[in-house]
Amino acid sequence: MIRFFLKRLALTIPTFIALMFITFVMLRLVPGDPIEVRRGERGISPERLAQLRHDMGLDQPVWKQFLDYANALLHGDFGTSIVSKSPVLHEFLTLFPATLELTITAMLFAIVLGIPAGVIAASRRGGVYDQTLMGLALTGYSMPIFWWGLILVLVMSNTLHLTPVSGRVDLIKFYYQPVTGFMLIDSLLSGQEGAFMDAVRHLILPMIVLGTVPLAVIARMTRSSMLEVLEEDYVRTARAKGLSWTRIVGVHALRNALIPVVTVIGLQVGGLLAGAVLTETIFSWPGVGKWLIESINRRDYPALQGGIMLIATIVILVNLFIDMLYGLINPRIRHAK
Amino acid sequence: MPSDARLTAPATAPAPPGPLRAFWRAFRENRGAVLGLAVVGFILFVAVFANVLAPYSPIEQFRGFSKLPPFWVEGSDPRFLLGTDAVGRDMLSRLMYGARVSLFIGLSVMVVSMVVGVALGLAAAFFGGVADVIIIRVMDLIMAIPSLVLAILIIAIIGPNLTNTIVAVTIVGLPRYVRLVRASALTELTKDYVTAARVSGVGKFRLMTKTVLPNCVAPLIVQAALGLSDAILEAAGLGFLGLGAQPPTPEWGSMLADTRDLMLSHPWVMAFPGLAILVTVLAINLMGDGLRDALDPRLRRS
Amino acid sequence: MKFHKLLGAALLASSMLVAGAANAKTLVYCSEGSPENFTPSINTTGTSFDAARPVYNRLVQFTPGTTQVEPALAESWTVSPDGLTITFKLRPGVKFHSGVNGFTPTRDLTAEDVIWSFDRQWKPDHPYAKVSAGSYDYFNDMAMPDLLESVAQGGDNMTVVIKLKKPNAPIIANLAMDFAAIHSAEYAKFLLDKGTPEQFDQIPVGTGSFQFVDYQKDAVIRFKAFDGWAGKPKIDDLVYAITPDATARYAKLKAGECQVMIAPNPADLPDMKANADINVLEQAGLNIGYYAMNNLKPPFDKPEVRKAFAMAIDRDAIIKEVYQGAGQKAKNLIPPTMWSYDDSIKDVEYNPDKAKEMLKAAGVEGLKIDIWWMPVQRPYNPNAKRMAEMIQADLAKIGVESTLVSYEWGEYRKRMQAGEHMTGMLGWTGDNGDPDNFFAVLLGCNAEGKPNSNNIPKWCSAKFQEVVNKAATITDQAERAKLYQEAQKIQAEEMPQVNIAHSTVFEPISKKVTGYKVSPLGAHEFQNVDIAE
């Protein structure tokens, strides 16, 4: 098992190197300049531009810049953001908890609603519940989430005044320093009354928007997986033995039906991070997705490069983890590759 | 290669009527799928004949008639059924022409992805070794970067316009096709009939196109339908961020983005393009579900 | 170590909160974004200037709500007859803040602080020159290195003498700009000794009416009142709630979560005006949004063609749909609030039929052009894409076919400055309220008759240039005004570009707030603001 793991881990190393190289080259191909883009209407004189580019090392040949970058990276240095002048890793780590909090809660939202919906639909196959739930699921799956977000803001925030429009917590009412970076936890640690509920209110809409597509996927997957399991002999046997339908579905069948669902959940991680980009943009959520978009617009190469590398690392590691999980469940895969 | 050329011809010939009829019978049973097909057909019809059906040109501005509400809301103008946008262009006409743009993007992405995906996937499966490793690693790379961020980066490099939207969305979605074709091909390769063909000395290229590919067609068609809806969604997302079709092209995503400042004061201007995207994608997905069930009930969507 | 710092901050925060319960007046300002840092001289964005403004003062300042210059850290100043020497008398007893990082000032403001503040931006060997990779853009943009001969102490340590290389009328106004903020040399030395000079730009220490308390990126900046030279402000706590989305800002204002907000959505203004708890303040912006035709590319070398274009563009419709009414049709380059504005100029009428005839008369037929539009929202043009679509439709009516073109912002401006466009839009926001800052910058040409880079229509007129050059060297305002009015007449005749609009700056504030003034320069100041309980 450990050998399998190490082998897979080793296989990701060339991927990392290629990733580093490709993002580096791509960023240099993007027209525009981190200095130019930050200037107002006045612009900048060619002499000063050359001077500033020299100061930032941007006038070096690309291969040299790349070697310098790779060398720094080997020492754990992700470079310094051009805009904020603070280390990229530090910047990423301050923003990442916000994204993580959003994606985790969105995933929980999707799982908590998606699995029961799938089970109900499967157990009432072809009935009204099944059709309604699956119709909703397919609608959710087809949803342009940027539009969905705006509609929810319009209805929930501007018309019904139920939720705030943006941000993570009302920092005017509740004043505390981030400790973990997770607002739900920090608000509890602060000990201020109402802070936690306020954080929850801020989280609800982004969570729903980001969780909609995974919710639909999980519901559909649970249903089809469940249907398959319900066809199995042991379920029929259990039925014949007179076990209650609820018990069969809820205990025996569900356990087996969940295996493919778990893998699907893992596969959603990449999609969630992509969805987070749009969700964070709509709700001004201070996470890495919004930060990446801003970094593209500002041509902040070090931030963008570091951000993409770190995100990709997470995605690759999660995929590796899922593969491992597979290997545990199904030993044949281990030998197949 | 002349022998190959001759032999590939029958493979592309239409399937015998038997399976086709069987397929239609299975498809017809799924009412949702038929509904989806009908809606997709309708949207396709509107898109193709937009120039005949649309009451006005999508870029004609009626000064003094801007931001009109749809016909059922007070203050509307009967000449503009769904109202007008921020500069007084007819919403209905723009939506109709927008269908053309969105479907064009979606179908182009689908076709290009299919061709490239099949080629790369088959190549990976057949040549194995270095080619396989390289192709699969590149696909892993693409999948490791959040799709929207990668698409934005590509657009930033090659510039925002309709063609480049297609390029970016294709690249981002390519891994799914490649992996699917490769996996199906690998499965087929272990089957007895392939071994038999191999033993009897059938050439590699012929083996790929004549025996293996037809057996991957079913999952590929399903993937194509899903790919179509994903492509439309992603292109709309890019348009929403201002990186898709350029003005004054009526693209649904950018129409939505253009009216964000009117969200509170004139919500309906924002409502229609989003609804158009939702309905189109939903219809294609319904149809895709039907295709899947009809072609291969074992296939699951993840 | 880090945890202790956090704990300390948290304790401080909770103690503040307890103290705050005792009837402290807090004003919350809904701002637009996070500042890059807190040192104005190394920033270029209004957001960053706003974030540092409560903390700092300059030698002179703009009277709130105007572009007039008044004394600040300098009590008074004199200009020598040849215009080359300016002597500033510093205000005695000006106190600096204490820093949240443990800095305690031991002395009041002296000439040393003023000299330090200029030298950092000027002298490459200054110990702080390279801190935070500062590039001192405004200092260089305002051509200070070319203007300054020396900044030195006068007779005593309360006198600063600035020597210039050539006389320059707008320099006093330049010194009221944010980049000329005066820092504490003692604080700089304190941090250098501590080995953490980069904190200088993160934890600001100045002489202003508010002292810095805390900043959380993308969330909040906190200040508290400081009883300094200008007196104690009426509010106790000033909080910037960073809220990038205009809709969200409005929601917060309605809910009473903030009392002043920046940049409302123009489309939401009618709703805001109807709200009984909100005052919508407005002020003509010190800006111009224009549509330039490249005079170096035919047929735009002909004034008739340029005039025909001006006549074809329906600017009233643009004001309505692009500015949502939050703008004023422009007939001159400078806005009407600026001195020397010539109101006698007759505006171009909207007349597409006549424009079509004029084009025909000029022998222009089947013209195909490109229209460039900015990829970003600017104060003088809230929606360039929409404006481009409208101009495209207008020009189609006089038989001109056009394609819309855009690039990434830095690239866009660079290419336009290089003159690659045929026609396109850009604009300008005034820095200091001096007409020279418009005429010389936007339509200036060098001695060889070549257009400057910011001259987007690439138009050069010897007559115009002579008038503008002359006006910059004399100090008598009435005489200068006459010259600038002549310049406006020349421009109206030649029509190098179409002046579209001066946008109006709207700032919705809670009715509880008094004493708040909208700055024509886009600044947000809270020194004199009070809030009713």
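**Exercise 1. In E10(C), which residue is the bridge partner of C:Arg222?**

Step 1. In E10(C), C:Arg222 has C:Val239 as its bridge partner. Strands here are DSSP runs of E with at least two residues, helices are runs of H or I with at least four, and both are numbered from the N terminus. The model is predicted: local features need pLDDT of at least 70, side-chain atom pairs count only at pLDDT 80 or more, and totals for chains, interfaces and linings use all residues. Residues are numbered from 1 along each chain as its sequence is written, while chains are lettered from A and ligands numbered from 1 in the order in which they are written.

Step 2. Widen the view to the strands. E9(C) and E10(C) pair in the antiparallel sense over five bridges. Two strands pair if DSSP finds at least two bridges between them.

Step 3. Now take the other pairing of E9(C). Strand E8 (residues 210-216) of chain C pairs with E9(C), antiparallel, over six bridges. Here C:Asp214 has C:Arg222 in E9(C) as its bridge partner.

Step 4. Look at the turn. E8(C) and E9(C) form a hairpin with three residues between them. In that turn, C:Asp218 has a positive phi of about 60°.

Step 5. Check the cover. Five of the six residues of strand E9 (residues 220-225) of chain C are buried. Buried means 20 or more other C-beta atoms within 10 Å of the residue's own, exposed means 12 or fewer, and partly exposed lies in between; C-beta atoms are placed from the backbone.

**Exercise 2. Give the strand order of the open sheet of four strands in chain C, and find the helix that packs on it.**

Step 1. The order is E4-E5-E7-E6 (chain C), with antiparallel pairing.

Step 2. Find the edges. Strand E4 (74-79) and strand E6 (148-153) of chain C each pair on one side only. The twist averages 15° from one strand to the next.

Step 3. Take one pair. E6(C) and strand E7 (residues 159-164) of chain C are antiparallel over five bridges. C:Ala152 stands opposite C:Val161 in E7(C).

Step 4. Axes are lines fitted to C-alpha atoms, for helices over the stretch in contact, and angles run from 0 to 180 degrees between N-to-C directions.

**Exercise 3. Is C:Lys130 buried or exposed?**

Step 1. Locate the residue. C:Lys130 lies in the loop between H3 and H4 of chain C.

Step 2. Count neighbours. C:Lys130 counts as exposed because it has 12 C-beta neighbours inside 10 Å.

Step 3. Compare positions. C:Lys130 and C:Phe438 are 308 residues apart along the chain, and their C-alpha atoms are separated by 32 Å.

**Exercise 4. At what angle do H3(B) and H5(B) pack?**

Step 1. Helix H3 (residues 31-48) and helix H5 (residues 91-127) of chain B pack at about 105°, with axes 7 Å apart.

Step 2. Name the angle. H3(B) is therefore roughly perpendicular to H5(B). The cut-offs are: under 35 degrees roughly parallel, over 145 roughly antiparallel, 65 to 115 roughly perpendicular, the rest oblique.

Step 3. List the contact. B:Ile43, B:Leu44, B:Val46 and B:Ala47 in H3(B) meet B:Met96, B:Ala99, B:Arg100 and B:Leu103 in H5(B). Two residues are in contact if their C-beta atoms, placed from the backbone, lie within 7 Å.

Step 4. Sort by class. The contact has seven nonpolar, no polar and one charged residues. Ala, Val, Leu, Ile, Met, Phe, Trp, Tyr, Cys and Pro count as nonpolar, Asp, Glu, Lys and Arg as charged, and the others, Gly among them, as polar.

**Exercise 5. How many residues of chain C are in contact with chain A?**

Step 1. The contact joins 40 residues of chain C to 31 residues of chain A.

Step 2. Find the main supplier. H14(C) gives the most to this side of chain C, with six residues.

Step 3. Sort this side of chain C by class: 17 nonpolar, 13 polar and ten charged residues.
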